[in-house]
Amino acid sequence: MIPLAVTLLAGAIGSFFLFALLGFGALIVTAMLDPKMGKERALFAYSIALLALTFFLLKPAPPESGKVRLKKVADLPNAAADVKADPFGHPDYLLDLDRNAFQKFSDTRKLPPIQLESPPWISLSFPLAPTVPGPAPGHRRALRGELPTLSTGDGSNIADVVAATFSEYVPVPEDVYDWILQGNQKWFVYIRALKEPGGSWIREGALGFDPLKWRLARQAEGWGDLMVQFATVGPVKQAEKKLAREEVLKAKQQNVTELRAEENEQWYLRRTVDNHYREALSLYGIGDANKAGENALRQAARKMKEIGETGKENREGWRRASNLLELALDWAKANGAAATQRAEILLELLETYRAVRDDKMILTTLAEYARTAPANYRPWSWLGDSMIEIGIPELGLRYYEEALDRNRSDATSILGKGIAQAWAGDHDEALRTWRGAQATPSARVRIAEGYLRLGRLDQAKTEVERFLAGEPGHPLATLIRGSAYYALGDLETARGAFEAVATMEAASTERAMACYNLGLTCLRLGQHDAAVAAFASAQKALELGASTGPIPDETIAPSLGLALVALATGDVDTARERVEAARREAPRNAYVEFLAGVLAERGGNTASAVRALEESKRLAPEYAELDGWLAVTYLRLGEQQLATGADPETATEYFERAEAFALRAARRESSADKSAYRMQLRLALVQLRAQHLPRKKRYELGLASAKKVSDNPDNRDQPAAHAIKGFCNYGLGGTENVKQSLRDFGKVIEDVPDVEDNPWKGWRDYAQTSLDAVKRWNSLEEKTVTFEGTEMPKDWKSDESNGVRVRLVDGMIVFDKEAKKDGSFREPIVTMTNQGLFNRDSIEEVSFDIRCPPKRAGTTANNVVFGVQLLAGRGRGGKMPGIGFFYDKGKMAFRVGGGQKKAFQEGNVLRQGDDIEEREWPTDEWVTVRIARENRDKGEVAIYVTGDTGIEEELFRDTVSGFRSSSGKALLWFGGWSNEAENFDVKIRDIRVVRRTR
């Protein structure tokens, strides 16, 4: 601005030169006229000449009392009076008024602060499933990622993992059929019944059948005279096709023959467990097992253990061995055998009970063994193993300590103690325990496993690679190697490691783990068929006796893997069903509950999501990833409480929980990785949405949380942090905060390239939209046009005709009186206009309340057309481009000049068009009309109306050439006409204008 002193100085100098010039002119005129007229007369003539010149150059308007009027209606061009003419073609309405109503500070103001759209969410990456073993819950942040999109039948596969790998017993014909030899070839038969000479047939399963069967097989006295009824099955190849239960039942009924036993040289009985048992008893001279001695019973038990190890008949051989050893122990007790002798039997019994997973008998036997050999450390170590297997790690730890009190160097107890500590979630102590053990292969592998669980992936990889260099092919070490690479994201290497273990001659549980981990890896690689096959192999291993894993939270759960496969193929319903099955397979697995919560949250079932996530937190309190998800679910619960009008105190409790979980998630993430920021940003977003806090407090907390990210040197340019800061600074208000808001949004736009593949493109778009909104708001001012008294303001122009008047009543513009039919106009036009409120470039919005004449009782609507037009200067042929909205005989109507909609090109008042349905005027009461400029560059203008429902509705929009960004006059026009003698009775109030100042 020009300083006041400079302005005054310039005025003084200008005035001096002006008066000097006038004085100099007076001297010249006096000198010229003095000889003829005299000096006094010459000066008087000079003064008269100056006054005349001033009058013609600056002609003043004649003073008038009352309102300012346009020319009389009769003096207007005929086109203005013709109802069919275009009201946009009224050039006389464009008055050359220079006054701008917005120049007076007293009647203009800044717009109230706009509400910016809330910042987008910082989404958490999908929680990828951990391997078995894998990072512990507190360190699973390494497993964030994206679940791939899978397609079925993709042709992927895994290396053949044959069923026999899992110790499954594959039946052979000898197990289900008897046989005979004919010409050195086996012919399989099925003995159905036997009878002695002169006797009756005794069928299989009946009393007396077994003695005859064994006489036949052992060729005991009289065997050749026995009659045998049997079904002929056929040679080996034919019998191999009839091993299924239904096939065996058919074979027993077909090709039935009867002959004397001696017609075949030898009869061989099928190799069932029961037949093996009877042979073992016979082999060691046991007629009645209840009366046999210890040594014979133990020998027969060892024979049955061999049968049990084959897996035949669901490991039935182990149960028979247990029965024999129990009898041997009873004999030893009854006959006063030494404690060492009883201890040996107890050890053999433990082996059988473990084979059949009889936890109760394991504990009972171990307790008895400890009493029998109190100084021996082994039973305490085995008790620890048993406690681990049944899920009581605390008790297991006590028993391992008991074993170590007796033998400090027992490697088995040391390793078991570390497993118990890991089971209980104390992974640091577990690693210390394993590192304190002797450098045995098992201890070295466990150390690598400890690093893996603690999320120290590089150390785990280094340790296991060093170990495998000396002992290649070690199953557990190879499994841990695959798990380390899986967590590091090297999926091809992980796949190779798991596939190697799955096909090794290793323990069935390790192979089962490998198959399960292989399925997870194939899933992440996008290999659908291979993943499904790997999970099926893991399931088969479990069915055949493999353990689900030593630690509950690291459980082989094939249904969990299949749930992830279903989710990756878009089958969410199947995924939920599989998760429910996984809950049964792995009831103490925190990740299963976590996934159940994620699925519920994605499905909008917030209450179920909270329950599942809370259960996951109970199972694994250190599961840091849970906090971020719980924060959001509690936040949504709070929002739902408020939306339904429920108890505000409950909503407050939910919001407080949301903030607490978000805060803990941020702290945990920061402690694990100083450069991490996602949880901190989510904390800011939760704080901004926590509606129990005052609005200002939310902005302050959100700003502080976002600043923690941008103040970190590693995240100085983090786009989301600056966008959130921009939102908060604007919300806090004040000139300096708004300026900082603009800088914050500008930095995001400056730092993030405007390309679709940029991961922060969405935040850039948000910042750009917000920046534009704040700039626009900062450049706007509004004016509420008020009318006081009965005199029209001088910047308004009115035109009345045929008895209709325009006047002010109680601050409203009123168009009333009944139009006359006689006179020079059949359709009188009554208007009130203003050209000083804005120009075509500055106008942003005009709104007002209008009440139009009610319908006439018992007849049609009032025959009045009345409305508003926003006219954007003079167009071609004297027409004005613009847009209008009208009450048209009880209907809503539109006019457009210079628009794009063909139906409105001629500027006629139309009640319907190509895309506008004819509609009734909203109400006989007040209606709010708002005409808004939506896109300055395109010249897009929209009309909104609010009736008695209180809901604003967009009625119409069009692109009008005159409203593109350009300078020039603009006109606000209220008016109407009637072709009958009708009462206008139109009232307008609360005119509000919004315009751009720069």
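1. Buried here means under 20% relative accessible area, exposed over 50%, and partly exposed in between, with a 1.4 Å probe and protein chains only. At 7% relative accessibility, V785 therefore counts as buried, and its place is in strand β10 (residues 780–785), where strands (E, at least two residues) and helices (H or I, at least four) are DSSP runs numbered from the N terminus. V785 touches W796, L837, I991 and V993, leaving aside residues up to four places away in sequence, contact meaning heavy atoms within 4.5 Å. Between V785 and G811 the C-alpha to C-alpha distance is 9.7 Å, with a separation of 26 residues in sequence.

2. On the basis of these remarks: this is a predicted model, in which local features need pLDDT of at least 70 and side-chain atom pairs count only at pLDDT 80 or more, while totals for chains, interfaces and linings use all residues. Residues are numbered from 1 along each chain as its sequence is written, and side-chain values use heavy atoms, with hydrogens and water left out.

3. Strand β7 (residues 227–234) is largely enclosed by the rest of the structure, because six of its eight residues are buried. Seven bridges join β7 to strand β5 (residues 185–195) in an antiparallel arrangement, two strands being paired if DSSP finds at least two bridges between them; within this pairing, Q229 of β7 is the bridge partner of A193. β7 also pairs with strand β8 (residues 256–260), again in the antiparallel sense, over five bridges, and here A231 stands opposite V256.

4. Helix α18 (residues 457–470) packs against helix α19 (residues 475–488) at an angle of about 150°, the axes lying 9 Å apart; axes are lines fitted to C-alpha atoms, for helices over the stretch in contact, and angles run from 0 to 180 degrees between N-to-C directions. That makes the two helices, α18 and α19, roughly antiparallel, a term for angles over 145 degrees, with under 35 counted as roughly parallel, 65 to 115 as roughly perpendicular and the rest as oblique. The residues of α18 in the contact include L457, V464, F467 and L468, and those of α19 include I480, A484, Y485 and L488.

5. For helix α20 (residues 491–502) and helix α21 (residues 508–524), the axes come within 8 Å and cross at roughly 150°, so α20 and α21 are likewise roughly antiparallel to each other. Among the residues making this contact are L491, F498 and V501 of α20 and A514, L518 and C522 of α21.
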